Amino acid sequence: MLHDILSKFDLPTADAHCDIPCGIYDARIVTYYAVSALRQIDILLGLKDKDLSDTAFAMQVARNTAKKEEMAENCKHQTRIIWGDFMKPGNQDDMAKCHEAAHAIMLAGSAVKQDLHREDGEKLVAAANDFAE
């Protein structure tokens, strides 16, 4: 209804290339989540071997595992937002490496969520740093 009313007026049109004004993209949040996921891996790897029937120990493992996976997913999510909003036709030539870095984050983030290898966390942090550059 509002569109019908406004269409009767001769209003100038406005064009935008993305839904967020240029210059506010900050990939440090991607790196923050990657480092947070790596920290959770370190905590989990540092836990002393105990019997998982010890409820307190089992709950700590569950909490740290859930947080590790949440941080890895947040890293991937923030990357998708920046990549999707920023990678428009005018930026793609200047940011060819951005596609590779974003893909590396997706792969490393999934690996971090799937298992408990510090190397996967290090790859995620390295990919996040590349993306931030």
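From the N terminus on, the elements of the protein chain run α-α-α-α-α-α. This is a predicted model, and its secondary structure comes to 6 helices and 0 strands.

**Chain overview**
- The protein chain has 133 residues, of which 32% are buried.
- Taking contacts between residues at least 6 apart in sequence, 71% join residues at least 24 apart.

**Helix 2 with helix 3**
- Helix 2 spans residues 28-46, and helix 3 spans residues 55-86.
- Their axes come within 8 Å and cross at roughly 160°.
- An angle over 145 degrees counts as roughly antiparallel, so helix 2 is roughly antiparallel to helix 3.
- The crossing of helix 2 and helix 3 is left-handed.
- On the helix 2 side, the contact is made by I29, V30, Y33, A34, S36, A37, Q40, I41, I43 and L44.
- On the helix 3 side, the contact is made by V61, N64, T65, K67, K68, M71, A72, N74, C75, Q78, T79 and I82.
- By class, the residues of this contact divide into 13 nonpolar, 7 polar and 2 charged.

**N64 in the helix 2 contact**
- N64 lies in helix 3 and is one of the residues through which helix 3 meets helix 2.
- N64 counts as buried because its relative accessibility is 11%, and the cut-off for buried is under 20%.
- The side chain of N64 makes a polar contact with the side chain of Q40, at 2.7 Å.
- With its neighbours within four places in sequence left aside, N64 is in contact with Q40, I43 and L44.

**Helix 3 with helix 5**
- Helix 5 covers residues 96-114, and its axis comes within 9 Å of that of helix 3.
- These two axes cross at roughly 160°, and helix 3 and helix 5 are therefore roughly antiparallel to each other.
- Helix 3 passes helix 5 in a left-handed crossing.
- From helix 3, the residues K68, E69, A72, E73, C75, K76, T79, R80 and W83 take part.
- From helix 5, they meet C98, H99, A102, I105, M106, G109, S110, V112 and K113.
- The contact of helix 3 with helix 5 has 8 nonpolar, 4 polar and 6 charged residues.

Key. Residues numbered from 1 in each chain as written. Predicted model: local features only at pLDDT ≥ 70, side-chain atom pairs only at ≥ 80, totals over all residues. Heavy atoms only, no water. Helix = DSSP H or I, 4+ residues; strand = E, 2+ residues; numbered from the N terminus. Buried < 20%, exposed > 50% of the residue type's maximum accessible area, 1.4 Å probe, protein only. Polar contact = N/O pair within 3.5 Å; in protein donor to acceptor, adjacent residues only side chain to side chain. Contact = heavy atoms within 4.5 Å. Axes fitted to C-alpha atoms, helices over the stretch in contact; angles between N-to-C directions. Parallel < 35°, antiparallel > 145°, perpendicular 65-115°, else oblique. Left-handed = near helix turned anticlockwise from the far one by under 90°. Nonpolar A, V, L, I, M, F, W, Y, C, P; charged D, E, K, R; others polar.
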